[in-house]
Amino acid sequence: MKQFFKMMFASTLGAIFAFVLLAVVTGLLSVALLASIGSQSNATPVLQSGESIFRLSLSGAMLDSPADNSLSLLLGEEETLSLKDILTAIRNAREQNTVKGIYLDMGVFQTGTAGLDAIRRALTDFRESGKFIIAYADSYTQGSYYLASVANQVYLNPQGILGLTGMASQTLFYRGLMEKAGIEMNVFKVGTYKGAVEPFISDRLSDANREQITSYINGIWNRVVNGIAESRQIPASTVAEFVDEGLFFADPARAVECQLIDGLKFRSDVEDLLKEEAGQTGRRLKTAALGKMKKIGKKARKYRNKIAVVYAEGEITQSPVSSPYRMEKQITEDLADELRKLKEDEQVKAVVLRVNSPGGSAYVSEQIWKQVSELKKSKPVVVSMGNVAASGGYYISCAASKIVAEANTLTGSIGVFGIFPNATGLFEKLALGSEVVKTGRYADMGNVARPMTDGEKALIQGYVERCYQTFLTRCSDGRGMSAGEIDAIGQGRVWTGEQALEAGLVDELGGLDRAVELAAELANVYNYTLTCAPASDDFFMELLKKQLDGVRVSMARDLIGEDYDYFRTLQQLRSTCGIQARIPYDLKPL
């Protein structure tokens, strides 16, 4: 027995020692790995001999704000594209003497027209420096071709498609379905053009809604057509004829005849052409990718004075949804907290608020508006509008010192609405009953098991109208216009950035770079360091969080397949509560 305890004690001690040793070794290896990742992410890459071409591969969705994902890079996975990284990389390639040109490798690239315009300007600037751009795709979408058209030479797979089809807006109406389900939607709104509620109460677009949709999609499309025509040095009518005759499904040789494409080539032929243009002699084309090019260049000198760029991207929500079905960013009251911090930071001399949001919660929009107003009292605040800055997105922008929008930004939509369901018909179909005991007349207001009373409807409509008057006042104070003038261009109407400039809703047209320049001018500082706020969390924790989010989204997409977008929409509805200041549409990329 003594020998047994002796052996058991020795075995236990050995197991404990082995466990401790394993934990130490694992910890050391983890630290080494993370340190390696961290050092790789912070190291400044150097172009290798022969890497004289920047290969800009554009595929998938693009966000405004950077998404540095170091572990993905280490594992050889693709980065999430961001507008900031793309613009930085193009600028760096322009400044590098060893870089002779850009290979614009186009895939299925998804972003709004405002983002496309920003990249187009950067590519045009690159080309005007005397360097070349050659574009290639197996098939071009409208958005990818809009970018590619600025290239010196544009090539297409011999069996490819040039997908110029024009723009269309489709609205799905739910009224008939809800009637069958026994659900009635009580709608309260202010704004003749506030079409977000129409799918619930109608089976067709109102005249006003059709008018605004026609206006802004024609405005955007005309700019796209004219931009392509100018870059390709052909009449705009040629582009319009290609679209209207349905030549996107014709033999791709027709695209060459229309001078929209320079030739039909295989990828290997285009890469041989690129080697020749860049003076490369090896068997394989040598290129530098986005991940490297965005980090190359002179290190910016550090100055005490700072201009901070804050990204407000996604739907404005009181109840953020953390779900594998939701990949988009969201704007919460955390943004208001960040603006308070920037007000107290004496080194920050001006703030650029980059807004890319369709709006959302009126309550959260008011909280952010308040902090923008307070921040403006101590330092300039310039709003830079992305693809969309409408409704609540405009609400949080209107108090800024200046507003800069892209020509194709969708903005305005100054209006408010609320929707409350009445499910009594559904209860009857399901043979459900409900009885309420209450202490006051309105104690059960919002009860879906009964119709709303006239008194309740009057209360809610009055509240929505007060919210709209507040919205008008915020815009009136911020833009230096009367409430009547704002109301005349408000009423929930959506405008393009170009139209908004004429209406007085924005101050000038341009991108994020112009907004930064304007902020520096207003703050009277010309030597400054540009920073992004908020600062990233601890590197290792941020890295782990991003990887877990990425895994969850990938698993959800693989599991749900084509129905992923429907599930994502249902998840989005979970965060929609209270009075909404939101653009009526979920906008699709060009």
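This is a predicted model: local features need pLDDT of at least 70, side-chain atom pairs count only at pLDDT 80 or more; totals for chains, interfaces and linings use all residues.
Helix 3 (residues 83-95) packs against helix 4 (residues 113-128) at an angle of about 5°, and their axes are 9 Å apart. The two helices are therefore roughly parallel. On the helix 3 side the contact includes Leu83, Ile86, Leu87 and Ile90, which meet residues of helix 4 including Ala118, Ile119, Ala122 and Leu123. By type, the residues of this contact are 10 nonpolar, one polar and two charged.

Ile90 and Ile119 also belong to the largest nonpolar core, which has 65 residues; they are among those with the most contacts inside it, as are Phe54, Leu56, Tyr140, Leu164 and Leu260. Helix 8 (residues 207-232) gives the largest share of this core, nine residues. Leu56 touches residues including Ile86 and Ile90, as well as Leu123 and Leu290. Another core, of 51 residues, lies apart from it and has Ala308, Leu342, Cys398 and Ile460 among its members.

The structure holds 28 salt bridges. One of them joins Asp85 to Lys294, with the closest N and O atoms 3.3 Å apart. Asp85 is in helix 3 and Lys294 in the loop between helix 12 (290-293) and strand 9 (306-313), 209 residues apart. Asp85, at 9% relative accessible area, is buried, and Lys294 counts as buried at 12%.

Asp138 and Arg267 form a salt bridge at 3.9 Å between the closest N and O atoms. Asp138 lies in the loop between strand 4 (132-137) and helix 5 (142-148) and Arg267 in helix 11 (residues 267-278), so this pair ties together parts 129 residues apart in sequence. Asp138 is partly exposed, with a relative accessible area of 39%; Arg267 is partly exposed, at 27%.

Terms used: Residues are numbered from 1 along each chain as its sequence is written. Side-chain values use heavy atoms; hydrogens and water are left out. Axes are lines fitted to C-alpha atoms, for helices over the stretch in contact, and angles run from 0 to 180 degrees between N-to-C directions. Helices (H or I, at least four residues) and strands (E, at least two) are DSSP runs, numbered from the N terminus. Angles under 35 degrees count as roughly parallel, over 145 as roughly antiparallel, 65 to 115 as roughly perpendicular and the rest as oblique. Contact means heavy atoms within 4.5 Å. Ala, Val, Leu, Ile, Met, Phe, Trp, Tyr, Cys and Pro count as nonpolar, Asp, Glu, Lys and Arg as charged, and the others, Gly among them, as polar. A nonpolar core is a set of buried Ala, Val, Leu, Ile, Met, Phe, Trp, Tyr and Cys residues joined through side-chain atoms within 4.5 Å. Buried means under 20% relative accessible area, exposed over 50%, partly exposed in between (1.4 Å probe, protein chains only). A salt bridge is a side-chain nitrogen of Lys or Arg within 4 Å of a carboxyl oxygen of Asp or Glu. Lists of a residue's contacts leave out its neighbours within four places in sequence.
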